[in-house]
Amino acid sequence: MKKIHVGFLLSYDYEKLKLSIPPVYKDSDRIFIAIDSELRTWSGHKFTIEVSFYQWLKTIDVDNKIEIYTDDFYIPTLSAIENDTRERHLLSHKMGIGNWLIQIDADEYFVNFNRFVYRIHKYDHYLDNPESNKIQIAAFWIIIYKYTENGILYVDKPMKAIFATNYPNYKCARRTDERVIYLDNIVLHESLSRSKEELAQKISNWGHNDEVNEGFMRKWIAVNEKNYKEFSDFYYIKANRWRKLNYFPTRNISEIRKFLKQNKTMKLGRNYLRLKNFGQWFKHRIKK
């Protein structure tokens, strides 16, 4: 079988890696963690890393499969999203073309990674000559919107997201604009579910920092587990992309992952996936 290489980008929210690395550790062949050599974000802001984090990495790396990759990932003349894309490109080349190049952000938690790996191996033939057969692999986010007093608000519609490719000609973050193959896998994305201060820090440092709409933060502050049904249109760029929220009555990520594994209503329909995959195949066949 072809190798499963997983890459993470370490930045100011590195503590979240303690939730995102363990679900994928067992089924990965190698794990790479990219860190800017000067500890800068894509916007050039400095951050620090506690020694205890490196101690934690040593503790969980029982199979010696984690590699730290440091490089100069911040170019002042580039925008945040351009630095984002550039870092992913450099990281994937470090991971090695000819392997499955899977990139997972610190705030993304796979629900069933071994099933994702099982399914992606069905497409191993795309790794034999990747530059001539470029594809990208998508799963589906369950987007965690906000922690409340007793639980978590989340966007009630799974959203497609690119996680893997056989050839890293990235155009914007992880997206390559090549044919997409959709897999029936769920990933919890702790996108905006932070404290007010942490969210403000993320917005000022992530790749979308110049796209956030004016009313987003006011709505995020106002919504809670009691009034969320009174609001709509929650997305931070084009607000109506996330129309409605729903509610998990727990703040524990492990409990939510367990619930999603067992709950069939959160799965994507087989016919839906077939239609999406046929559409991508047909679209890119016409391009050729």
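Colleague: Is Glu15 buried, partly exposed or exposed?
Modeller: The model is predicted, and the accessibility is computed from it. Buried would need under 20% and exposed over 50%. Glu15 has a relative accessibility of 36%, so Glu15 counts as partly exposed.

Colleague: Which side chain meets Glu15 in a salt bridge?
Modeller: The bridge has an N to O distance of 2.9 Å, against a cut-off of 4 Å.

Colleague: How far apart in sequence are the parts tied together by Arg30 and Glu67?
Modeller: Arg30 and Glu67 form a salt bridge, and their closest N and O atoms are 3.2 Å apart. Arg30 belongs to strand S2 and Glu67 to strand S3, so the pair ties together parts of the chain whose separation in sequence is 37 residues.

Colleague: Which residue is linked with Arg30 and Glu67 in a network of salt bridges?
Modeller: Arg30 and Glu67 form a salt bridge with each other. The network holds a further residue besides these two, namely Lys94.

Colleague: What is the distance between the closest N and O atoms of Lys46 and Glu38?
Modeller: Lys46 is exposed, with a relative accessible area of 61%. Glu38 is partly exposed, at 42%. The cut-off for a salt bridge is 4 Å. Lys46 and Glu38 form one, with a closest distance of 3.9 Å.

Colleague: How many salt bridges does the structure hold?
Modeller: For the structure, the count is 12.

Colleague: Why do the buried residues of H3 lie on the same side?
Modeller: In helix H3, residues 51-60, the buried residues are Phe53, Trp56 and Leu57. They lie on the same side of H3 because the arc they cover around the axis is only 100 degrees. In general, an α-helix has 3.6 residues a turn, so residues three or four places apart point the same way. The value that places them together is the arc of 100 degrees.

Colleague: Which residues are exposed on the other side of H3?
Modeller: The buried residues of H3 pack against strands S1, S2 and S3 and helices H1 and H2. Exposed means over 50% relative accessible area. On the other side of H3, the exposed residues are Val51, Lys58 and Thr59.

How values were computed:
Residues are numbered from 1 along each chain as its sequence is written. This is a predicted model: local features need pLDDT of at least 70, side-chain atom pairs count only at pLDDT 80 or more; totals for chains, interfaces and linings use all residues. Side-chain values use heavy atoms; hydrogens and water are left out. Buried means under 20% relative accessible area, exposed over 50%, partly exposed in between (1.4 Å probe, protein chains only). Helices (H or I, at least four residues) and strands (E, at least two) are DSSP runs, numbered from the N terminus. The arc is that of the directions from the helix axis to the C-beta atoms. Contact means heavy atoms within 4.5 Å.
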